[in-house]
Amino acid sequence: MSHPHPELGPPPRLPEGGLRVTPLGGLGEIGRNMTVFEYGGRLLIVDCGVLFPEEEQPGVDLILPDFTSIRDRLDDIDGIVLTHGHEDHIGGVPFLLREKSDIPLIGSKLTLALIEAKLQEHRIRPYTLEVEEGHRERIGPFECEFVAVNHSIPDALAVAIRTPAGMAVHTGDFKMDQLPLDGRLTDLPAFAKLGEEGIDLLLVDSTNAEVPGFVPPERDISGVLRQVFGNAQKRIIVASFASHVHRIQQILDAAHEYGRKVAFVGRSMVRNMGIARDLGYLRVPAGLVVDVKTLDDLPDDQVVLVCTGSQGEPMAALSRMANRDHQIRIVQGDTVILASSLIPGNENAVYRVINGLTRWGATVVHKGNAKVHVSGHASAGELLYFYNICKPKNLMPVHGEWRHLRANAELGALTGVPKNRCVIAEDGVVVDLVDGIAKIVGKVQAGYVYVDGLSVGDVTETSLKDRRILGEEGIISIFVVVDSTTGKIVGGPHIQARGSGIEDAAFSAVIPKIEDAMAKSASDGVVDPHQLQQLARRAIGKWVSDSYRRRPMILPVVVEV
């Protein structure tokens, strides 16, 4: 199996008649999915999603793909194909369209409705092309055929991309639920036909490649939910992804059966469920869904709240409820259902929310203690089945961490894909399909781009390191006034600490050390404020390290008079 090396340089010019594939996100991580296909000087993008921050990225709202490698080629982009409407596949689109707003968006009815609503908030009116399974559309030099796949959101599509260099098939996110709630199966006969035609490069969802067997059907959850609803004494609060239409449908069905009213909480949840209902993807019995403001008039045993926050996101509704920072207060006897899986890296945040909810008396039902979620991604048994149908000549696992990508490549090799044709890449690694052979040829920039409020890309790894230091070690500020001619101290030093765990009074022990160091430097003729600042920084830093074994951020200020 081929894999990227750290010493990879920029890719060479794409050979004439070759197809280039460059993942800018989604490989080596769960989220931020974005893949760029290039043929004949033209580009086609499949998905443009976001990644949600982890604890070591304080203050960050979203993480985007890095558009650097395509920024000077925006006019070469013929379209963005969106496989489905989850945030990790569409969330980055507004930020790319800010740079060129007329790039066409291609996707299914629900996917386009979700992204159009999101773009409306950014005041962007996109050009869209609605497609369905079985459709073929020529997008520049790319002939795209769309195939129905089953996932945890309706209307998901895979895309077969035909070029003179060969056919690449991108599955998007998929599984093979044989009893889907909406009756829409992954179209295995269509994939079999593509396999007979000849799939030169197959890009496959890797999320569950390590999980043996098959994913249980979505409908298995309905019985568990009914049991939870039957046992609940007071309010039921359900946390789910704002785009998980299938799961919300099951909640609505259970609420209707047990005579409860449902209210959606949170802007994205209200918006997305309204879209799904208006388009007919969500069946809502008359009178079932009510405004959250009317819940105070209902008995607790007739209330269901559906909100976001299943991943422990700090600003989501459920996290704020756990922290007593929301208008909805958790009380003894409430039942909370976390109807989603744990995205890797979010475990601590989720369990912190569970503990907070339990502290206030709620019974928390989650995947760890009840079957309230099934994955939307194919497990190893389904992937083996899929490979035997498709018979790809080259395989490129996508959408997953390194362990998932490698496990997926090994499954492909078991079904007969030559090991040297199983290409394990990562974000930014360039893969060329030339003369029927896919291989790694170079690497482009594909780092994290952080969104912090209205700022995009201004937050760097260095500033995140500073934030982590501030959060973990605190800050010490030193203020000194010196004579501009002699460099001698004429005021201070004044020292203050915040979050360092050191009392201000304790600094009386280090002030003489700073005074001695600065007096010595003044006698040596040092009067430059920057040099004096560094002198003060080193003096207090050494004292704090020796005395407290801490490394706070030290902010020295030297003023000349």
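This is a predicted model: local features need pLDDT of at least 70, side-chain atom pairs count only at pLDDT 80 or more; totals for chains, interfaces and linings use all residues.
Residues are numbered from 1 along each chain as its sequence is written, and side-chain values use heavy atoms, with hydrogens and water left out.

**View 1. H89 and the residues around it.** H89 sits in helix α2, residues 87–90. (Helices, H or I of at least four residues, and strands, E of at least two, are DSSP runs numbered from the N terminus.) With a relative accessible area of 1%, H89 is buried; buried means under 20% relative accessible area, exposed over 50%, and partly exposed in between, using a 1.4 Å probe and protein chains only. Look for the side chain of D47, which makes a polar contact of 2.8 Å with the side chain of H89. (A polar contact is a pair of N or O atoms within 3.5 Å; within protein, one must be able to donate a hydrogen and the other to accept it, and residues adjacent in sequence count only if both atoms are side-chain atoms.) Leaving aside residues up to four places away in sequence, H89 also touches N33, C48, D173 and H399, among others; contact means heavy atoms within 4.5 Å.

**View 2. H399, one of the residues that H89 touches.** You'll find H399 in the loop between β18 (395–398) and α12 (402–414). H399 isn't a glycine, yet its phi is positive, at about 55 degrees. H399 counts as buried, at 3% relative accessibility.

**View 3. D435 in its loop.** Here we're between β19 (429–434) and β20 (437–443). D435 is another non-glycine with a positive phi of about 55 degrees. D435 is exposed, with a relative accessible area of 74%.

**View 4. Helix α15 and what it packs against.** Helix α15 runs over residues 529–548, 20 residues in all, and reaches 28 Å from its first C-alpha to its last, close to the 28 Å expected at 1.5 Å a residue. (The expected span is 1.5 Å times one less than the number of residues.) The buried residues of α15 are L532, Q533, L535, A536, A539, I540, W543 and V544. They cover an arc of only 160 degrees around the axis, so they lie on the same side of α15; the arc is that of the directions from the helix axis to the C-beta atoms. These buried residues pack against β23 (475–482), β24 (489–498), α14 (511–523) and β25 (553–560). Over on the other side of α15, R538 and K542 are exposed. Just after the helix, R549 takes a positive phi of about 55 degrees.
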